Amino acid sequence: MTSSDERQPSNNGRRLFWLAAFIVVLFAIYSGGWFYLADRVRTEADKAVATLNKTGVEAGCANLQVSGYPLSFSVSCDNLAYEDDAKNIAASAGSFNAAAQIIQPLSPVANLRGPLRTSVPDMVPLWIDWDNLQANVKLWWPLPQRISLEAEGLSGQTDPADDTDPMQLFSAGKASGQLQPNGGDIDYIGSFGDLEMDPDAIGGRVLPALDASGDVTLKNGVALIGTQVKSLRGQAIEIRNLDLSSGTARITVSGPLSVDAEGLINADLMIRLKDPKAVAAILGAAIPEQKSQIEQGFAALAVLGNEPSMPLKVVKGKASLGFIPLGKIKPVE
């Protein structure tokens, strides 16, 4: 046997040793980082609650737990609560869980159990519930690349503080929404299906089950994040598509819309209809006091075919549908 043959097993053994040592060190570093981050999450959560408490706000994530080691990182609590007596604002929800897998640390998935109970000034207290609610986030710096929310079995009702019975407001089979930065703007894509409004919640008016989808850009939306926007003045959106349908009836809107410094609306929209007679029947049932005028107007539109379209222009609050003046829209705040 040659000397080179004798050295080969020894060299292989050293390589295996150093490989094993490297894996052990790497795992130790990862473990230390995981437990350090877990401790930071608990510490920062306690600091945030303490800071809010100093300002007269009570907030909490009851029984905060950090788990999932070693293959994931999960943060959970039994319920969420927020109460600001000075502003008379309160909200609470059920258990919360957010988890990120080790192979996708910047893509956490969060689940929240209902109901969400809210109380804000000038609004009746609300009770919002769902069968399943999930949020997906694509983290990045300085803003998330994407935030999406999906809900199934969504419903809402009033939540009286006294002994009066709650009023059912709405229910929807599903709803979803997605936000993502686009340069200095923010894009929103959303939809809902099988939305039913309780007649008692809309003054006894009757609407069929509705489906809708939207694709909208909020101009300068990134700069608005973190600011307390108290007015719609100076804001602008680009509507790529807003679609509302029920059965064969469909209304689609697209185009830019803005509010100037004086609160006057400016818009250059395109309205498209599908099955105008079906649309008129829905609007006539929803607005019975205008049923005759609605039927007459849509009968004229039906002459243009089953899928007519027309421009809706608003200049300094003065609106017109094609060549038909619609009147003036009051300034908005």
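Analyst: In this predicted model, Lys313 and Asp268 form a salt bridge, with their closest N and O atoms 2.8 Å apart. The two partners come from distant parts of the chain, 45 residues apart: Lys313 belongs to strand β18 (residues 309-315) and Asp268 to strand β17 (residues 265-274). Lys313 has 38% relative accessibility and counts as partly exposed; Asp268, at 40%, is also partly exposed.

The structure holds 10 salt bridges. Another of them joins the side chains of Asp159 and Arg117, at 2.8 Å from N to O. Asp159 counts as buried because its relative accessibility is 14%, under the 20% limit. Arg117, at 38%, counts as partly exposed.

A further salt bridge pairs Arg233 with Glu333, and here the closest N and O atoms are 3.8 Å apart. Arg233 sits in the loop between α2 (221-224) and β15 (236-246), while Glu333 lies in the segment after β20 (324-328); the pair links distant parts of the chain, 100 residues apart. Arg233 is partly exposed, with a relative accessible area of 30%. Glu333 has a relative accessible area of 62% and is therefore exposed, the cut-off being over 50%.

Definitions and conventions: Residues are numbered from 1 along each chain as its sequence is written. This is a predicted model: local features need pLDDT of at least 70, side-chain atom pairs count only at pLDDT 80 or more; totals for chains, interfaces and linings use all residues. Side-chain values use heavy atoms; hydrogens and water are left out. A salt bridge is a side-chain nitrogen of Lys or Arg within 4 Å of a carboxyl oxygen of Asp or Glu. Buried means under 20% relative accessible area, exposed over 50%, partly exposed in between (1.4 Å probe, protein chains only). Helices (H or I, at least four residues) and strands (E, at least two) are DSSP runs, numbered from the N terminus.
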